[in-house]
Amino acid sequence: MTMDAAADLLQVANRVAVLTGAGISAESGIPTFRDALSGLWASYDPEELATPAAFRRNPQLVWDWYAERRAKVAEARPNQGHFALVEIERRVPEFTLLTQNVDGLHREAGSRHVVELHGNIRRVRCSDEGIVVERWVEGEERPPRCPRCSGFLRPDVVWFGEDLPEGALEAAGRSAEECDLFLSVGTSNLVVPAASLPWQAHRHGAPVIVINTTVEGQHSGPGIHHLVGKAGEVLPALVRAAWPTDRTAW
Ligand code: NAD
């Protein structure tokens, strides 16, 4: 699809739903899921690190992997892709941002209506009681213990095989079904149930625009369009094409 054709769809849309994945944060220096398993972690499978069973088997290994990723996220800043979505939200009547990302960069950029489908890596919770713990000591003992019950602390993210936060999938499904344009940005669309959201929108008649550096493995078919490139370049170009005379500071 051409940028102008995509811009035409965006310009007239009243309800826009966007699904983002790790690809939108790649330009902020946060590795995508596959790339995160580089260096020290290259020999691991995601299933060995991001499952409840992995945590039971080797809580220190899982804690250490997330601690490293949390440190990376703390240094990262939103990029032009995140900011472009803030601009879209400012301009369309109804907008929902559904993210699989756990880095919190959409909110940091200024997006308001965000549904975090997979939690947030900056938060930590007790693996026994589930309560979110604001402060913990990163010391000798890893994982650290819950100050209330001494259970192990864990990242407040959704692991493979776990349920999404209460209400998140329902809210996401509603947005997908009610939107009149769906954007799928920087996701491999392999992780269910989030991967079904573009299809849900498509089944309900909304055009789907897939923004990714590759079309390989992506949805295809009538009503599914592709803009190939980096989210940090394609999304700002899309905003400029949709609202060419809008001369706000951005
Ligand atoms: P993924 O790693 O499976 O796929 C990333 C996708 O982004 C790929 O299709 C790739 O082609 C594309 N991509 C890479 N760079 C891009 C760019 N600059 N612009 C546009 N597209 C680009 O990620 P996923 O689909 O989000 O699924 C993996 C799971 O891992 C998610 O559940 C997510 O919670 C988690 N995760 C999150 C983060 C984060 O919060 N930043 C990082 C890694 C993994």
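**Close-up views of a predicted model**

View 1. With a relative accessibility of 31%, Gly110 counts as partly exposed, because a residue is called buried under 20% and exposed over 50%. In this predicted model, Gly110 lies in the loop that connects helix 8 (105-109) with strand 3 (114-116).

View 2. Three strands form an open sheet in the order 5-4-6, and their pairing is antiparallel. Strand 5 (132-133) and strand 6 (153-157) each have a single partner strand and stand at the edges, so one side of each lacks a neighbour in the sheet. In general, the strands of a sheet pair through backbone hydrogen bonds, in either a parallel or an antiparallel manner.

View 3. Strand 4 (residues 119-126) runs antiparallel to strand 5 and is joined to it by 2 bridges. Val124 has Val133 of strand 5 opposite it, while Arg125 has Val132 as its bridge partner in strand 5. The hairpin of these two strands has 5 residues between them, and in this hairpin Gly130 adopts a positive phi near 85°.

**View 4. The pairing of strand 4 with strand 6.** On this side of the sheet, 5 bridges link strand 4 and strand 6 in the antiparallel sense. Asn120 is found opposite Asp156, a residue of strand 6.

**View 5. The whole chain, as a setting for the close-ups.** The protein chain has 11 helices and 9 strands. Its radius of gyration is 19 Å, close to the 18 Å that the globule rule gives for 250 residues, so the chain is as compact as a globular protein of that length. Taken along the principal axes, the C-alpha atoms fill a box of roughly 55 × 35 × 35 Å. Of the 250 residues, 50% count as buried, and the accessible surface comes to about 12,100 Å², with 49% of it belonging to carbon and sulfur atoms. Among the contacts between residues at least 6 apart in sequence, 65% join residues at least 24 apart. The chain carries 25 positive and 33 negative charges, whose mean positions are 3 Å apart.

Definitions and conventions. Residues are numbered from 1 along each chain as its sequence is written. This is a predicted model: local features need pLDDT of at least 70, side-chain atom pairs count only at pLDDT 80 or more; totals for chains, interfaces and linings use all residues. Side-chain values use heavy atoms; hydrogens and water are left out. Helices (H or I, at least four residues) and strands (E, at least two) are DSSP runs, numbered from the N terminus. The radius of gyration is taken over C-alpha atoms; the globule rule is 2.2 Å times the number of residues to the power 0.38. Buried means under 20% relative accessible area, exposed over 50%, partly exposed in between (1.4 Å probe, protein chains only). Contact means heavy atoms within 4.5 Å. Accessible areas come from the Shrake-Rupley method with a 1.4 Å probe; for residues, only the protein chains shown count as cover. Lys and Arg count as positive and Asp and Glu as negative; His and the chain ends are not counted. The place of a charge is taken as NZ of Lys, CZ of Arg, CG of Asp or CD of Glu. Two strands pair if DSSP finds at least two bridges between them.
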